[in-house]
Amino acid sequence: MPTRRSLRYLTGLVSVLALLAAAPGPVATASQQPSARTASATSPAASATTPAADTWQPPLSTRGRYIVDAKGDRFRLKSANWDGAQGSWTGSGSVDDPANHHGGQNSFGIPLGLDRVPLPTLLADFHRLGVNSIRLPFSNEMIHATAPVPDGAVAANAQLRGKTPLEIFDAVVSALGRDGFAVILNNHTNTTRWCCGIDGNERWNSGQSTQAWIDDWVFMARRYADDPGVVGADLYNEVRRDILDDPNWGLGDQHDWYAAAQSAADRILTEGDPDLLIVIEGINWTGLPVDGLPHERPTLAPARTLSHTLVNSHKLVYSAHFYGYTGPRHSGATGVGETHDPRYQDFSREELHRVLTEQAFFVAEDSGRHYTAPVWISEFGIGSGETGTAPRAWFTNITDYFADHDADFAYWPLVGWEGHDDWSLLRYDSTGRRSGILDQADWRGTAWNRLMTGPERTGPVDPVPVWRMLVTDHGDHVQSLIERGRGDWDPGAYKAVCPDGLRLIGLSHTAGRGLCTDVGADDPRAPGTAHTVVTDERYVPAGGDWASGYTKFQCPSDQFLIGFSRRGDRVSAALCAPARTPLGTTGRTVWFDRSDNRPADAAGGDFANGAYKGQCADGEYAAGIAFTTRVGSSGRPDALLCRGLSASHGR
């Protein structure tokens with residue numbers, strides 16, 4: 001969310017910064033947000049008035065860079081953030097004083113506006129904007145709150161009086177779904193305190209355990225599992241540094257956002273609701289914002305070398321946030337912490353578009369990679385009272401980029417109070433009178449119209465091959481629900497298994513990585529749960545030595561590799577599954593102990609960055625793994641046996 005996030009972050013770091021550097025300049029100003037302007041008279045809508053689509057069919061899933069509905073039709077997330085349930089208190093002064101809440105707006109831990117406008121009227125106004133989906137933030141504290149909200153917080157919705165924040169959240173979710181909106185739940189904060197600085201909400205496990213955080217997610221997923229309008233779980237908002245520690249992407253410690261998101265996604269899909277999209281946001285900030293010290297906004301860049309593989313390969317969506325006053329290495333503050341790095345609004349149009357691609361959109365635009373997925377820019381925004389040339393140009397440039405790239409997006413915020421928050425798309429005074437971007441006087445309307453009405457892909461999206469990586473850096477990565485149901489097939493070893501419907505097609509010599517795909521064979525596994533764990537050479541036929549002098553774990557006839565295990569660096573076992581149709585028996589040996597040996601087109605991408613690796617061709621399956629434990633060798637994978645997928649390739 002915009003404005004004071006960076007200021008509060010820097011305020012919490014003042015004592016640390018004093019020890020590290022003498023930061024010139026005044027203390028950061030109170031806000032990056034311009035002052036509210038006087039409401040203009042309501043005039044005819046200046047933006048798209050297309051209602052949310054009533055023809056889309058849940059649940060949603062993914063095909064390459066696109067989100068699709070149950071019919072396979074593209075569903076572009078044209079969203080807005082209806083905030084409030086995540087909390088509005090800024091962390092100082094009495095929580096009962098509206099002046100101590102963001103923008104002077106006390107949300108009482110529920111979506112904003114319910115004190116001023118009947119729920120049906122709010123939803124009708126959302127339709128007038130043209131949005132089809134709502135990102136609905138909440139806090140973990142909201143889930144567990146037992147006290148009803150004050151009657152005044154729902155003054156315009158008498159039916160909600162006497163209800164707890166969660167019960168009001170229920171009513172909002174239900175109303176949105178009935179009105180045709182797709183709802184993406186967003187765990188925004190742990191406490192009902194305004195985000196995002198040094199505020200106790202820096203990480204998913206700030207002030208709570210990772211297990212408690214995931215337990216809350218399973219609770220929420222189950223709670224709305226029967227509501228078809230709830231289509232996604234946005235796992236956590238703007239993961240960032242606290243005073244002492246950075247989050248990371250793959251180190252395997254308590255600050256590993258990659259691992260935490262992976263665990264949460266798997267439990268949501270297996271214990272909560274298997275139909276939900278899983279939205280994983282990149283890391284928002286690491287390091288100290290001081291010239292000469294490392295600091296950056298990693299966003300989605302780490303996914304290029306370490307991406308997520310879920311138990312359902314068609315449920316992953318990646319997410320990022322962009323605001324003009326922040327930058328790739330700029331915290332967004334002024335004064336203390338204002339480094340000399342450029343803000344996004346300082347970039348030229350061409351530079352901004354290049355940075356957007358490098359930080360986020362490569363995920364969607366690089367087709368056929370292990371990280372390829374839809375990218376949802378789940379926060380961006382600006383104030384209607386903004387007069388600066390650079391911020392205004394940034395807003396035009398970024399919305400043009402979204403329009404030109406047919407991007408999924410969510411504006412921040414959707415609802416606010418007139419005279420308090422001019423960033424809102426819609427603002428309401430105490431009588432319920434509306435103003436905002438639907439007014440012709442709102443300068444943002446031109447850019448919003450282009451974004452909402454520009455050309456976009458619609459209709460059916462053809463299935464595309466899926467590529468997903470397996471990672472055994474710090475433990476098991478068993479993504480097959482069939483194999484999870486069967487139990488531990490190699491106790492004590494690190495195990496990796498492709499999601500159901502995919503086969504293992506690549507391995508790395510070091511790093512314990514694998515590559516899975518369905519290219520050329522949609523769900524090749526025979527019905528049932530049969531598998532073969534291979535720990536010796538019993539299935540290597542006489543005269544079939546495809547890696548002389550090496551130990552070979554080879555699948556039985558008409559079975560293909562779906563997984564592997566290791567103890568340390570040594571190959572421990574190969575896991576094979578029976579095919580639903582006969583497989584080819586002639587093949588070739590792909591060596592990768594001394595170099596990369598992948599197809600020329602490198603489909604799937606670099607699934608083990610910095611390691612030697614081998615990969616079968618698209619029309620092949622992996623039938624065996626070869627390795628050696630001779631003196632000077634550690635038993636790492638050295639070669640794959642690759643064979644044609646169909647019997648026509650030779651039996």
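Modeller: When I say two residues are in contact, I mean they have heavy atoms within 4.5 Å. This is a predicted model, where local features need pLDDT of at least 70 and side-chain atom pairs count only at pLDDT 80 or more, while totals for chains, interfaces and linings use all residues. Residues are numbered from 1 along each chain as its sequence is written, and side-chain values use heavy atoms, with hydrogens and water left out.

Biologist: So what does L235 touch?

Modeller: Skipping neighbours within four places in sequence, its contacts include W213, W217, W257, A261, I268 and V279.

Biologist: And what makes a group of residues a nonpolar core?

Modeller: The members are buried Ala, Val, Leu, Ile, Met, Phe, Trp, Tyr and Cys residues, joined through side-chain atoms within 4.5 Å. The largest such core has 138 residues, and W82, F126, L235 and W257 touch the most other members. Apart from it there's another core of 20 residues, W546 and F560 among them.

Biologist: Why is D234 called buried?

Modeller: Buried means under 20% relative accessible area (exposed is over 50%, partly exposed in between; 1.4 Å probe, protein chains only). D234 has 0%, so it counts as buried. D234 sits in strand β6, residues 230-234; a strand is a DSSP run of E, at least two residues, and a helix a run of H or I, at least four, numbered from the N terminus.

Biologist: What makes the pairing of D234 and R135 a polar contact?

Modeller: Their side chains come to 2.7 Å. The limit is 3.5 Å between N or O atoms; within protein, one must be able to donate a hydrogen and the other to accept it, and residues adjacent in sequence count only if both atoms are side-chain atoms. So the pair qualifies.

Biologist: How do you know that N284 is buried?

Modeller: Its relative accessibility is 10%, which is under 20%, so it passes. N284 is in the loop between β7 and β8, and its side chain makes a polar contact of 3.1 Å with that of R297.

Biologist: Which residues of α6 are buried?

Modeller: Among them are W257, Y258, A261, A265 and L269. Their cover includes α5, β6, β7 and α10. At the N-terminal end of α6, D256 is the cap, with a side-chain oxygen 3.0 Å from the backbone nitrogen of Y258.
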